[in-house]
Amino acid sequence: MTKEEFSEVQRIDSIWPLALLTLTLVFNWVLYFISGYKSLDFFYGSMLSIALLITFFTILRLHTKINNVGIQYKFFPFHFKWQSISWNEIEKSEIRTYKPIREYGGWGLRYGKQGKAYTIKGKTGLQLYLKTGRNVLIGTNKSEELTQVLRYLKK
């Protein structure tokens with residue numbers, strides 16, 4: 001059974017951001033309580049930074065919708081409104097495996113030699129080659145479902 005629409009919401013659900021923030025917290029405590037560096041401004045500033053990073057990682061979302069009209073995506077909190085690419089703007093599309101660090105310098109909202117990338121995690125994405133010459137990669141964790149929808153929509 002094929003579907004006419006595709007929808008996906010990606011979020012950071014791995015442990016590495018929290019591990020990094022925990023290391024930062026431990027470093028902060030060591031600086032404040034053990035080293036004798038007793039600046040409350042630094043202590044509160046770093047605690048606020050950690051709280052803001054945790055909040056950012058918690059609210060970070062990549063929403064993707066694909067239907068017969070085109071592709072809509074929203075990378076919150078960078079986009080508050082849906083970004084749209086209609087099918088007649090797309091020269092070619094493919095689902096491909098990519099190298100996040102080598103091609104784009106990591107995950108997130110990235111710019112690389114290949115064009116723009118919107119990724120949260122993984123190494124699979126929908127590569128769009130636009131008629132304007134620009135390229136856009138939208139990460140996905142549902143490549144099989146996306147492949148079925150794209151086949152259906154191409155008919």
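Helices H1 and H2 are roughly antiparallel to each other, a label given to angles over 145 degrees. The model is predicted, and local features need pLDDT of at least 70, side-chain atom pairs count only at pLDDT 80 or more, and totals for chains, interfaces and linings use all residues. Residues are numbered from 1 along each chain as its sequence is written, and side-chain values use heavy atoms, with hydrogens and water left out.

Back to the helices. H1 covers residues 16-34, and H1 packs on H2 at an angle of about 175 degrees, with the axes 10 Å apart. Axes here are lines fitted to C-alpha atoms over the stretch in contact, and angles run from 0 to 180 degrees between N-to-C directions. Helices are DSSP runs of H or I of at least four residues, and strands are E runs of at least two, numbered from the N terminus.

Contact means heavy atoms within 4.5 Å. On the H1 side, the contact includes Leu 21, Trp 29 and Leu 31, and on the H2 side Phe 42, Ile 50 and Phe 57 are among the residues.

Take Phe 42, which lies in H2, residues 40-59. Phe 42 is partly exposed, at a relative accessible area of 32%. The terms are buried for under 20%, exposed for over 50% and partly exposed in between, with a 1.4 Å probe and protein chains only.

Now the loop. Asn 67 sits between strand S2 (61-66) and strand S3 (70-76). Is Asn 67 buried or exposed? Asn 67 is buried, with a relative accessible area of 16%. Not counting residues up to four places away in sequence, Asn 67 touches Glu 4, Glu 5, Gln 72, Trp 87 and Leu 153.

Technical notes
Parallel < 35°, antiparallel > 145°, perpendicular 65-115°, else oblique.
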